[in-house]
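User: Please examine the structure shown below and answer some questions about its fold.

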Amino acid sequence: LTTEKQGFKHFMLKEIYEQPSVVRTCLESYVNSEWTAASSTNPINLGLPDDLYTDLEQIHIVACGTSWHASLVGKHLLEQLAQVPSQVHYASEFRYALPPLTPNTLLIGVTQSGETADTLSAIHSEKDRRASLSAAYQPRLLGITNRLQSTLTRLVDSVIDTHAGIEIGVAATKTFIAQLMAFYCLSLDLAYRRQTVSPTRLEELLKQLWQLPTQLEALLETQEKRIEELAHEFVETQDFIFLGRGINFPIALEGALKLKEISYIHAEGYPAGEMKHGPIALLDEKVPVVAIAMPGSVYEKVLSNAQEAKARDARLIGVMPPSDPHAAEVFNDLLPVPEVDELLSPLLTVIPLQFLAYHIAARRGLDVDQPRNLAKSVTVE
Ligand code: G6P
C-alpha cells in the first residue's frame, strides 16, 4: 500500500499533490494552447454536440457534497462569463420541488463517482417530466464526472470527463479541482459561442490558465511545511469559521467541509458579508477565522469583514497574496497564494485549505482517508 501511496503518508496527501498534473491534463485535453485573440476558431473543444448549446436559455446544476461546491463556482462562471442564467440545486432536494419548466434548458449533473443516488434520481426526474414534451422542452442532459464507466454516463446524453484519475481518499481534492476545470472550459466555450467575452479578455484568461500548473506546483512545494506547523496549533480547536465572497464563497464552504469530514472539527463556511447577521455572535478568541481575501471586486469588503472578526478577538488567518500591504496588519497568520485574475483564484485558494484540513486531521491521529460515517460514494437516497 505504501508504494501505491508513492511515499505519501495518506492517499489524500498524494492526491493533493497530483492537482497540478490534473489541471495540466484538463488543459491539454480541452484547450487549444496556440489560441490568440486573432484566431478564428473556438479555443475550447469539449467534444459536445452543438444542439446542447443551441438557443440556450437556462442551466440547472444538480450535485452533492464537494461536487455541489464546484457547481457553485460553475454557476458563477456560467453567469459571469457566458451570461446564461444558472442555478445550483442540492440533488437530494431537486426532485421534490422541480423548478418551473422552461424551454432550451440544460441540466448538468456533477458527480465525480457518477454513482451518487441523489444526483442520479434528480436527473431521472428531469428526464421523465420532459420526455413527452415538444422539441424545445426535450431534456438536454450533461454529466461532469471522473468515471466514464458509470451509471451517470448511461443516463445523460453527453459527458465531460474530468480526467483526474482514480481518487481514493474519501475527502475529494483532485476531483474537485478537476470539476472546477470542467466548468472553466464549459463557461469559456459558451462565452466564445455567445460572444459574451471579448477575444482579448479570453486570451488573457487562457494565458493565466496555462500558467496554473506551474503556480500550483510552486504553491504545493513552498507551503506545505508552513501550513503543517500552523495546523498543529489547532489540534484542540473545536470550531472554525471560513469566510469568502463572490467566487471564493464556495471555496470557504469547501474549506469548512474538508475540515469537518476528516478532522471532525465543527466548521462553517459563510459569505463574509453575512457574518455580521448572525455568526459573529459565535466569535471569541477560541474560534479561528479563515478569510479568503483575493484582490478583485470584493477584496476591500472581505478585509473589512475580517477586521470585524478581529475586533471580537478571533484569531485571523488570511488566504491572500503575500505581497499585500494589508496582510500583516489584518491577519495573525497568512496562507499565501499567488495573485491571479479573480475569476481563476478558486483554483489556488482551495489548496491551503486542503492542507490545513489534512494536517489538523493527521496530527489528531485520525483515519484521514477513511473518515468515520462517510463513504466515497453514497448509493442510497
Ligand atoms: C459523498 C462523499 C463526498 C462527496 C459526495 C458526492 O458524500 O463523502 O466527499 O463529495 O459523496 O460525491 P460524488 O461522487 O457525487 O461527487
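User: What percentage of the contacts in the chain with a separation of 6 or more is accounted for by residues 24 or more positions apart?

Analyst: This is a predicted model, in which local features need pLDDT of at least 70 and side-chain atom pairs count only at pLDDT 80 or more, while totals for chains, interfaces and linings use all residues. Residues are numbered from 1 along each chain as its sequence is written. Two residues are in contact if their C-beta atoms, placed from the backbone, lie within 7 Å. Among contacts with a separation of 6 or more, the share from residues 24 or more positions apart is 74%.

User: Why does the radius of gyration agree with a compact globule?

Analyst: The radius is taken over C-alpha atoms, and the globule rule is 2.2 Å times the number of residues to the power 0.38. For 381 residues a compact globule would have a value near 21 Å, which agrees with the chain, at 20 Å.

User: How are α7 and α8 oriented, roughly parallel or roughly antiparallel?

Analyst: The axes, lines fitted to C-alpha atoms over the stretch in contact, with angles from 0 to 180 degrees between N-to-C directions, come within 12 Å for α7 (residues 174–194) and α8 (residues 199–231) and cross at roughly 160 degrees. Angles under 35 degrees count as roughly parallel and those over 145 as roughly antiparallel. The crossing therefore makes α7, relative to α8, roughly antiparallel.

Conventions
Helix = DSSP H or I, 4+ residues; strand = E, 2+ residues; numbered from the N terminus. Parallel < 35°, antiparallel > 145°, perpendicular 65-115°, else oblique.
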